[in-house]
Amino acid sequence: MSKPTTTGAQRPEEHVADSHDLIRVTGARENNLKDVSVELPKRRLTVFTGVSGSGKSSLVFSTIAAESQRMINETYSTFIQGFMPTLARPEVDVLDGLTTAIIVDQQRMGSDPRSTVGTATDANAMLRILFSRLGQPHIGSPQAFSFNVASISGAGAVTIEKSGQKVKERRSFSILGGMCPRCEGRGSVNDIDLTQLYDADKSLNEGALTIPGYTMDGWYGRIFRGCGFFDPDKPIKKFTKRELNDLLYKEPTKIKVDGINLTYDGLIPKIQKSMLSKDVDSLQPHIRAFVERAVTFAICPECEGTRLSEEARSSKIKGISIADACAMQITDLADWVTGVDEPSVAPLLASLRHLLDSFVEIGLGYLSLDRPAGTLSGGEAQRTKMIRHLGSALTDVTYVFDEPTIGLHPHDIQRMNDLLLRLRDKGNTVLVVEHKPEAIVIADHVVDLGPRAGTEGGEVVFEGTIEGLRGSGTLTGRHLDDRASLKPEVRKPTGQLEVRGASMHNLQNVDVDIPLGVLTVITGVAGSGKSSLIHGSVAGREGVVAIDQTPIRGSRRSNPATYTGLLDPIRKAFAKANGVKPALFSANSEGACPACNGAGVIYTDLGMMAGVSTTCEECEGKRFQASVLEYHLGGKNISEVLAMPVTEAEAFFSDGEARTPAAHRILSRLADVGLGYLTIGQPLTTLSGGERQRLKLATHMGDKGGVYILDEPTTGLHLADVEQLLGLLDRLVEAGKSVIVIEHHQAVMAHADWIIDLGPGAGHDGGKIVFQGTPADLIADRSTLTGEHLADYVGA
């Protein structure tokens with residue numbers, strides 16, 4: 001950034017403190033970065049662009065933001081650092097001019113069933129204080145209004161010392177909490193279908209249990225056979241009432257089996273502890289399928305889903321209880337709080353009003369405070385995290401955003417741009433990773449990474465202004481002004497999927513016929529009811545494959561080969577070619593290097609210091625035993641195969657000695673979604689958000705089903721990759737599938753055969769079908785916000 005020039009003696013010389021106006025990065029090598037050096041102007045808005053996997057997140061999050069956070073953490077005492085996450089210093093030669101970094105990323109909020117929008121943003125904490133001061137009748141302290149605090153009471157004798165003598169006194173205590181005693185603050189109760197737990201015609205030894213992981217081969221078998229509560233060889237239908245009760249409901253009981261002390265639990269308490277206490281979406285797929293099959297969730301009849309006890313609901317301000325307040329749409333709640341005028345709690349009301357106004361300003365006024373945090377989309381979660389920074393008095397800090405326009409309708413992107421510019425204008429440095437051209441064009445400074453993804457990326461291909469980017473000839477520069485055109489003719493539907501009386505969340509008794517055999521796009525402003533309509537009324541049907549936005553989970557031992565199921569056919573092919581067991585070719589099983597247990601690295605924990613990972617000396621990071629690497633398939637060992645990019649592996653398994661049709665099918669799907677550059681053995685933890693989304697898409701493309709639902713598949717996709725996605729959607733339709741896409745990207749809308757537009761607004765102002773027809777009709781009609789923005793996009 002150029003410095004002001006001084007002329008003669010009229011202007012004072014620049015103070016040395018004002019010369020630190022750049023963040024300098026020299027020699028960054030995190031993940032795929034190739035000795036990247038950049039100079040970023042402070043107190044300006046810098047946008048990082050480039051194809052998915054080009055190194056944007058590695059530079060912004062893993063290098064600049066990570067080092068800023070690490071250095072701040074080091075200012076705390078070693079005692080406090082022991083409780084904080086330990087961060088290693090990024091692979092970089094020089095990082096200079098850093099300021100405090102505040103990271104607002106796309107990580108979904110915790111899916112704990114007790115976490116709501118209100119608890120995640122402190123709004124509930126303020127409301128609890130408000131009701132404990134003004135609520136009538138007065139019932140107690142703020143915790144009397146918390147659905148996470150149970151009511152408990154107790155009494156007994158305590159021994160205290162008085163005047164040198166020990167005296168026994170009787171004491172009692174009670175804590176009034178707001179938790180509903182029936183559902184324990186969850187808002188729903190569950191009922192278990194016993195027929196899904198066991199086959200009553202079989203005995204335990206014959207494999208009667210149908211719960212995932214409950215076999216008679218391991219510890220469970222030893223416990224059930226040795227507990228003595230029932231006969232494991234007797235069919236369950238012949239159990240006495242007592243035996244069946246012991247099998248299903250017995251409380252934890254100490255038993256001794258073969259001289260070992262163990263604890264026996266009934267099946268239902270065990271399932272409730274291990275599976276039902278967690279959020280269903282966070283469970284592994286096979287366990288989630290079992291829970292959805294065996295357990296019915298219903299709204300708690302005692303608290304009617306509010307999570308709160310009767311006492312908490314009885315205390316009211318102006319006829320409104322805390323449960324009513326949390327159930328209101330935030331725009332309505334903000335109006336109600338404004339009408340509460342009580343000088344004794346004026347500072348509290350002012351803070352609460354500001355918080356609720358921030359929700360409305362950021363475009364989340366359609367939410368309610370009792371909305372479970374785990375149900376927010378990635379974009380909604382990110383904007384919820386932004387709220388606490390909107391009114392902040394801090395300046396000269398670095399705000400780091402990861403695609404803040406995700407999940408936003410073109411109408412809402414302008415508001416997001418205004419917020420980013422406001423943060424900058426307060427004197428902050430704003431770094432944004434972004435793909436949408438509408439958000440890129442507001443940048444003061446642009447850093448374009450590439451030229452491609454993975455090993456072909458990791459370089460700065462352009463740094464400068466928007467005008468410079470347009471004329472730079474880079475992939476982003478060439479595609480920045482791309483505009484998709486309408487198709488000359490649209491496909492004719494082969495049938496229709498009927499939805500009648502949809503009323504989930506804010507939907508207002510919606511009736512719609514979704515055409516089959518074509519590409520249908522469901523659109524509308526954020527919060528208009530798109531996901532409620534499709535995931536609530538279509539996703540559960542037979543033959544429907546729903547690919548939602550939930551992020552894929554995986555440790556550093558997981559990779560594309562393990563996640564997609566590709567490793568199974570590869571292991572079998574190696575085993576067949578060499579006449580040995582498939583387990584030898586798994587780094588998580590028998591073939592693992594004994595020194596590093598198949599991790600490839602040895603991790604040394606250094607307490608409050610950052611842990612150190614060193615490449616395993618025995619296997620040199622290959623993860624397998626030396627003896628396993630002597631087995632070959634098509635001239636390559638298992639480690640060399642896992643080091644191949646998808647395109648190379650696709651050719652390798654297509655013919656010759658290594659021909660494996662099952663592996664080739666999965667690799668073709670990975671190439672179809674634009675992941676041809678990805679190494680099949682690359683840890684999932686190193687993949688970007690866009691890469692994970694497409695990996696998930698490739699996995700589900702193998703599912704048997706006639707209707708595919710894709711929820712914002714353009715998330716994390718570069719402008720150049722959107723074209724490839726449209727080709728993929730066309731191929732799916734041409735193969736006889738029906739594709740329903742929930743999307744805001746105008747290129748996907750323009751390419752659709754049929755558009756269903758919800759609105760007109762968000763929350764209770766939405767939930768209606770405002771248009772259905774072809775894209776050309778929507779542009780000609782121009783009666784909706786989507787129609788206006790699509791017309792501008794295609795230049796109509």
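This passage describes how helix α12 packs against helices α4 and α11 in a predicted model.

Helix α12 spans residues 346-361, and helix α4 spans residues 123-134. The axes of these two helices lie 10 Å apart, and the helices pack at an angle of about 150°. Angles over 145 degrees count as roughly antiparallel, and α4 and α12 are therefore roughly antiparallel to each other. The crossing in which α4 passes α12 is left-handed. On the α4 side, the contact is made by Ala 123, Met 126, Leu 127, Ile 129 and Leu 130. These residues meet Leu 348, Leu 349, Ser 351, Leu 352 and Leu 355 of α12. By class, the residues in the contact of α4 with α12 are nine nonpolar and one polar, with no charged residue.

Helix α11, formed by residues 330-339, also packs against α12. The axes of α11 and α12 come within 9 Å and cross at roughly 155°. This angle makes α11 roughly antiparallel to α12. The crossing of α11 and α12 is left-handed. From α11, the residues in contact are Ile 330, Thr 331, Leu 333, Ala 334, Val 337 and Thr 338. Their partners in α12 are Leu 349, Leu 352, Arg 353, Leu 356, Asp 357, Phe 359 and Val 360. The contact of α11 with α12 consists of nine nonpolar, two polar and two charged residues.

Leu 349 and Leu 352 of α12 take part in the contact with α4 and also in the contact with α11.

Terms used. Residues are numbered from 1 along each chain as its sequence is written. This is a predicted model: local features need pLDDT of at least 70, side-chain atom pairs count only at pLDDT 80 or more; totals for chains, interfaces and linings use all residues. Side-chain values use heavy atoms; hydrogens and water are left out. Axes are lines fitted to C-alpha atoms, for helices over the stretch in contact, and angles run from 0 to 180 degrees between N-to-C directions. Helices (H or I, at least four residues) and strands (E, at least two) are DSSP runs, numbered from the N terminus. Angles under 35 degrees count as roughly parallel, over 145 as roughly antiparallel, 65 to 115 as roughly perpendicular and the rest as oblique. A crossing is left-handed if the near helix is turned anticlockwise from the far one by less than a right angle, and right-handed if clockwise. Contact means heavy atoms within 4.5 Å. Ala, Val, Leu, Ile, Met, Phe, Trp, Tyr, Cys and Pro count as nonpolar, Asp, Glu, Lys and Arg as charged, and the others, Gly among them, as polar.
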